[in-house]
Amino acid sequence: MEFNHENEIRLLYCDSSNKFADTDVVKFDFPWEKIIEEIVLDPRMSSDEFDKYYNEIDTLVDSKIKISQSELYKVTFPSRKL
């Protein structure tokens, strides 16, 4: 139920010619803003991980798409004085 709102698309790429074997990121000329409304990253990421991925994705999509971190599993505990 938690994921019913998602209209997920997964893009798979097979680099059979090893053109991109020496890189972790493959850039495609693609009209992202025409098919993607928002990118939501894993809620279990640390803030450093989130910042790293945010900056990298933001550069790839030219700041045209909202990028956030999911709050699906986020738990806030009340503070207590002992």
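In this predicted model, E38 pairs up with K66 in a salt bridge, their closest N and O atoms sitting 3.7 Å apart. The pair ties together distant parts of the chain: E38 belongs to strand 1 (residues 38-41) and K66 to strand 2 (residues 66-69), 28 residues apart. As for solvent, E38 is partly exposed, at a relative accessible area of 38%, while K66 is exposed, at 53%.

The count of salt bridges comes to two. The other partners are R44 and D42, with 2.9 Å between the closest N and O atoms. Here R44 is exposed, with a relative accessible area of 65%, and D42 is partly exposed, with 29%. Side chains of opposite charge can pair when their charged atoms come close. Over the chain there are 11 positive and 18 negative charges, and the mean positions of the two sets lie 5 Å apart.

Turning to the overall fold, the chain holds two helices and two strands, in the order α-β-α-β from the N terminus. Its radius of gyration is 17 Å, well over the 12 Å that the globule rule gives for 82 residues, so the chain is more spread out than a compact globule. Along the principal axes, the C-alpha atoms fill a box of roughly 60 × 30 × 25 Å.

Among contacts with a separation of 6 or more, 68% come from residues 24 or more positions apart.

Methods:
Residues numbered from 1 in each chain as written. Predicted model: local features only at pLDDT ≥ 70, side-chain atom pairs only at ≥ 80, totals over all residues. Heavy atoms only, no water. Helix = DSSP H or I, 4+ residues; strand = E, 2+ residues; numbered from the N terminus. Rg over C-alpha atoms; globule rule 2.2 N^0.38 Å. Contact = heavy atoms within 4.5 Å. Lys, Arg positive; Asp, Glu negative; His and termini not counted. Charge placed at Lys NZ, Arg CZ, Asp CG, Glu CD. Salt bridge = Lys/Arg side-chain N within 4 Å of Asp/Glu carboxyl O. Buried < 20%, exposed > 50% of the residue type's maximum accessible area, 1.4 Å probe, protein only.
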